[in-house]
Amino acid sequence: MASDPSLLAYPTILTLHTVGMAIVVGTCVVMDLRLLGIAGDVPLTALTGAPRLVWTGFIINAATGVALFTTDAEHKATQTVFFVKLSLIFLALAVYARIRKLVFGSPAAIASPLPREVKALAILSLILWTGATVAGRLMAYLI
């Protein structure tokens, strides 16, 4: 991509990376806010399709992230903020998986009151996704 003569290659990959991030983070934020009681009239069953969105966005981000990384791998591989970003994404996805198991692991779980752990995980998820987004944005400015 770095040697592509097209002026649109890099902006297209960057745009797709942003769209992928919006899908992943947006879906997780909607779920987290619902678990925290916002839009409580929306049934949890409405979120059962969330994994498809999250993993589709993640695949888009992984593919475009590799492409963006290869454009300046020597520089990005030495940035602490790059490893912070990857760590925050890993942790956020682990929290997402735990929430999915606790809330949607069985039909009975959806119908029962949410455990305290779920609300704590939802808050942690919001913090981790915010951190990953900020770290990713900072990568463009740190030399």
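Student: Which helices do the buried residues of α6 pack against?
Tutor: This is a predicted model, where local features need pLDDT of at least 70, side-chain atom pairs count only at pLDDT 80 or more, and totals for chains, interfaces and linings use all residues. Residues are numbered from 1 along each chain as its sequence is written, and side-chain values use heavy atoms, with hydrogens and water left out. Buried means under 20% relative accessible area, exposed means over 50%, and partly exposed is in between (1.4 Å probe, protein chains only); in α6 the buried residues include L121, L128 and W129. Those buried residues pack against α1 (9-35) and α4 (80-104).

Student: How far does α6 reach from its first C-alpha to its last?
Tutor: Helices are DSSP runs of H or I with at least four residues, strands are runs of E with at least two, and both are numbered from the N terminus. Helix α6 covers residues 116-138, which makes 23 residues. The expected span is 1.5 Å times one less than the number of residues. That gives an expected 33 Å, and α6 comes close to it with a reach of 33 Å.

Student: How many helices and strands are in the protein chain?
Tutor: Reading along the sequence, you get the pattern α-α-α-α-α-α. So, by the DSSP runs, the count is 6 helices and 0 strands.

Student: Which residue forms a salt bridge with E117?
Tutor: Side chains of opposite charge can pair when their charged atoms come close. A salt bridge here is a side-chain nitrogen of Lys or Arg within 4 Å of a carboxyl oxygen of Asp or Glu, and a search of the whole structure finds 1. That pair links distant parts of the chain, with E117 in helix α6 and its partner in helix α4, 19 residues apart. The closest N and O atoms are 3.1 Å apart, and the partner is R98.

Student: Is E117 buried, exposed or partly exposed, and what is its relative accessible area?
Tutor: Compare its value with the cut-offs of 20% and 50%. E117 falls in between, so it counts as partly exposed, at 37%.

Student: Are the rings of W55 and Y96 stacked or edge-to-face?
Tutor: Rings of Phe, Tyr and Trp (its six-membered ring) pair if their centres lie within 6.5 Å; planes under 30 degrees apart are stacked, over 60 edge-to-face, and the rest tilted. The structure holds 4 aromatic pairs. In this one the centres are 6.3 Å apart and the planes sit at 70°, so the pair is edge-to-face.

Student: How many residues apart in sequence are the parts that W55 and Y96 tie together?
Tutor: W55 and Y96 also belong to one aromatic cluster with F58. W55 lies in helix α2 (residues 50-71) and Y96 in helix α4, so the parts tied together are separated in sequence by 41 residues.

Notes. Contact means heavy atoms within 4.5 Å.
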